Amino acid sequence: MEWTSRDWVEELNYQEFLSAWPRGKRTLFGLTMDDTDLAMGRGDWLFIDYVLSQNKTLHRSVELGTFRGVTSLYLGICMALRGGGTTTIDNVGVVPDKVLGAWNYFGYPHIDFVQCDVLKDVYKVGRLIGPKTLLVCDNGEKDTEAQLYAPFIVGDSIMLVHDKDIEYDSESLAIKIASLGLSEVYQDIASDLSSTFMAFRRK
């Protein structure tokens with residue numbers, strides 16, 4: 001019997017395919033956990049893509065937590081296509097040479113690395129967040145980061161917070177962020193995609 005694309009779709013377990021668990025499901029650009037310690041599942045990449053598709057004015061991103069730099073590369077390409085760029089911030093630089101090479105090849109001059117402590121250098125980091133900015137909180141203290149930087153989300157900027165209900169309680173964070181004037185958006189989309197992102201924008 002000939003195997004068709006429809007058969008493949010019917011056999012595919014979408015939730016399993018999109019989920020970040022088990023860790024082997026984390027892939028992007030053909031890279032896996034074994035290659036670069038990818039920290040996001042396929043559903044997370046699709047969620048970012050959806051948010052960008054619905055917010056055409058976003059032309060800049062600020063990423064808190066560079067780690068191995070693959071998300072930075074993805075964001076850099078996305079923002080370059082919009083005529084902007086991305087700044088990625090971490091207190092250490094541990095991006096592998098092959099990813100740095102891709103930064104330079106695909107991302108230059110659209111990817112900028114800043115080494116500082118996002119929990120201490122709030123003013124320095126906050127100055128990088130302005131209108132039409134996608135802020136991605138994916139460092140080590142996401143609950144705290146989100147509360148520190150929510151006041152910098154203005155106009156049509158959006159804040160994404162990774163690892164909901166893994167590193168923090170999503171209901172509790174939503175209440176805290178609401179008190180800072182932001183509303184959660186795209187919850188159903190994140191759920192459908194098995195993404196662990198929360199998205200917030202100014203009310």
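Me: In which hand of crossing does helix 4 pass helix 5?
Reply: This is a predicted model, in which local features need pLDDT of at least 70, side-chain atom pairs count only at pLDDT 80 or more, and totals for chains, interfaces and linings use all residues. Residues are numbered from 1 along each chain as its sequence is written, and side-chain values use heavy atoms, without hydrogens and water. Helices are DSSP runs (H or I, at least four residues) and strands likewise (E, at least two), numbered from the N terminus. With a crossing called right-handed if the near helix is turned clockwise from the far one by less than a right angle and left-handed if anticlockwise, helix 4 passes helix 5 in a crossing that is right-handed.

Me: Which residues of helix 5 make the contact with helix 4?
Reply: Contact means heavy atoms within 4.5 Å. Helix 4 contributes Trp45, Ile48, Asp49 and Leu52, and helix 5 contributes Thr71, Tyr74, Leu75, Cys78 and Met79.

Me: How are the axes of helix 4 and helix 5 oriented to each other?
Reply: Helix 4 (residues 42-54) and helix 5 (residues 70-80) have axes 12 Å apart and an angle of about 20°. Axes are lines fitted to C-alpha atoms over the stretch in contact, with angles from 0 to 180 degrees between N-to-C directions. Angles under 35 degrees count as roughly parallel, and helix 4 and helix 5 are therefore roughly parallel.

Notes: Parallel < 35°, antiparallel > 145°, perpendicular 65-115°, else oblique.
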